Amino acid sequence: MRSLEGAHRAGLLRVSGGTYQFRHLRLQEWLATRPEPEPTSGRPLTRFLSLTLLAVSLLATAPLLASLPADTSGATLYVGTEGSWYFTDDGRTLVAQTADEPHLRFWDVGTGRSFDPALPSGHPHDRNPVLSPDRRLIALTSAARQKLTLLDAVTGRVLNTWPLPARESSSDSYHVTFSPDGTRAVIELNPAFTLYLLDLRTGRQLGGRLVDNAQSKNFTADGTLLTAGARTDENEVNVLRVWNARTGERIDRERIGYRRGEAPYLDPKGDLLVVVLPSGDTQLWDPRTPRPLGAPLSGTYRVRGDHLVRQAADGVHTRRLRGEPTLQHFPALRDHVVSGTTLVGVTSRGEVRAYHLPTGQETARIDTGLGAGLKPFLHPDGRTLALSAESGTTSLWDLPSGSRIADLETGDAYTYFGRHTVLVERFLRQPGAPADLRTLEVFDLRTRARASAPLPGYPSADSLSPALDRLAVLTPDKRSLELWEVATGRRLTVLTGHTGQIINYRFSPDGSVLAAKSDDGIIRIWRLKPGV
């Protein structure tokens with residue numbers, strides 16, 4: 001080995017950002033913090049003592065190196081313990097907040113090399129970068145400079161820098177919310193929750209100071225309208241404001257009050273607004289005028305697809321969002337689930353009833369014989385129904401035929417729906433056991449095959465791969481990840497290398513890479529081979 005690159009190829013060094021480090025962090029930290037040796041005078045005895053000290057140091061670190069897990073990762077990135085991180089949509093770049101300036105760093109996933117955005121120097125940037133909905137832009141604010149910097153989310157190139165509304169005190173901070181098309185942004189000045197609208201193409205403020213004490217804010221899908229709630233002095237009542245998002249002009253002409261805690265629903269098309277009134281009734285509005293559409297509906301309705309749905313003591317009440325405003329009543333249902341145009345409910349006797357919402361026609365009825373207390377879950381395929389009972393059993397049913405497919409002993413469990421599978425993470429509570437036993441049970445809806453395997457780890461919201469074919473779980477020491485095959489319940493491999501405890505992890509958008517961040521500020525990247 002005649003170079004650092006040679007040591008890297010030999011496995012002695014790793015690349016972190018643009019620097020070389022020893023492969024194992026504990027050795028790196030020990031070498032970085034050990035006392036500096038006194039300068040040698042060149043005498044043979046001093047050189048002998050120095051070599052002896054080096055030999056003793058290597059012997060002392062040998063047990064430490066032997067105790068460390070093998071590092072199977074392909075790249076190691078140091079980002080610091082604070083801040084979030086994510087993959088770009090193409091999976092080629094990883095972007096992370098860092099503790100040091102410029103608080104934002106980009107890594108090439110393929111090479112592990114870092115590149116920083118060319119931000120203005122000498123002024124600190126806030127640690128709250130915001131990604132636009134199309135994942136093409138990053139907004140980075142600087143409270144000290146009262147500036148907003150727009151970056152290309154893939155290359156880190158600075159696109160524009162615009163002035164922000166003046167702060168009222170030195171403790172004020174900014175928060176940015178992009179419009180769907182990324183051409184405008186709501187600037188929220190905290191802690192007063194004051195909203196401003198900014199045109200990101202020109203840097204011009206639209207409409208001045210919009211509202212104080214804002215509680216929620218939403219753009220329509222086309223970005224033409226902006227709504228925001230504002231807290232009032234009245235008990236449990238907020239008011240809704242509506243603006244033309246292209247000009248900043250306020251267009252609501254009469255007071256729209258709503259119940260606090262019930263955020264209004266703004267339809268993505270921008271032509272319908274659903275508000276729960278302070279009385280608990282539901283009112284539809286046209287947000288473009290805005291004017292109420294008809295009389296209020298009795299009770300609190302929720303938006304489910306193209307329908308309004310209300311669960312009441314006498315059953316389920318529904319109404320179309322658009323078209324003929326006919327109310328439908330499905331009696332005796334104690335709990336329900338809506339998927340697309342299908343409503344599935346259960347009665348107090350354990351009977352399942354399914355309906356086609358547009359017509360109200362009953363499409364299936366199943367007498368399960370399971371009694372009361374059932375909770376329904378409908379698979380995305382629209383035909384597989386899971387009924388969770390208070391006894392700790394989940395039964396699977398084929399809705400069109402009414403046939404019982406299988407029973408899964410779930411206990412205290414979490415149920416996941418894969419594309420063609422049902423996954424159950426099951427807890428087995430045993431008296432006197434040092435910890436709960438956990439298993440992963442997989443039921444294949446196509447073949448009706450079952451698989452079960454011990455699950456020592458802890459799944460998270462990011463555990464499933466984008467294709468829903470692999471599951472990543474933490475090991476009990478939270479320093480490694482186990483990769484499982486969903487269809488068979490087979491453990492594929494163990495991904496090791498972290499010496500700190502893993503705090504979050506996720507797959508890249510194409511599922512070819514898995515990355516995990518530990519509490520020592522290290523992100524490790526594993527490239528997953530086909531079948532692994």
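How many cavities of 30 Å³ or more does a search of the whole structure find? The search finds 1. Keep in mind as you look around that this is a predicted model, with a chain average pLDDT of 80. Here is a short tour of the cavity, a sheet and the confidence values.

**The cavity**
- The largest cavity has a volume of about 40 Å³.
- Its lining is made up of Ser216, Lys217, Asn218, Thr227, Ala228, Gly229, Leu240, Pro264, Leu266 and Leu273.
- Two or more lining residues come from each of strand 16 (214-219) and strand 17 (225-231).
- By residue class, the lining holds 5 nonpolar, 4 polar and 1 charged.

- Strand 20 runs antiparallel to strand 21 (residues 273-276), and 2 bridges join them.
- If you want a spot to look at in this pairing, Tyr265 stands opposite Val274 in strand 21.

**Confidence**
- A pLDDT of at least 70 is reached by 77% of the residues.
- Residues 1-6 have a pLDDT below 50, and this stretch makes 8 contacts in the model beyond near neighbours in sequence.
- Residues 25-32 also have a pLDDT below 50, with 17 contacts in the model beyond near neighbours in sequence.

Technical notes: Residues numbered from 1 in each chain as written. Predicted model: local features only at pLDDT ≥ 70, side-chain atom pairs only at ≥ 80, totals over all residues. Heavy atoms only, no water. 1 Å grid on protein atoms, 1.4 Å probe; cavity = no way out; pocket = protein on both sides within 12 Å on 5 of 7 lines; lining within 4 Å. Points joined across faces, edges and corners; volume = space filled by probe spheres on them. Helix = DSSP H or I, 4+ residues; strand = E, 2+ residues; numbered from the N terminus. Nonpolar A, V, L, I, M, F, W, Y, C, P; charged D, E, K, R; others polar. pLDDT = per-residue confidence, 0-100. Contact = heavy atoms within 4.5 Å. Pairing = 2+ DSSP bridges.
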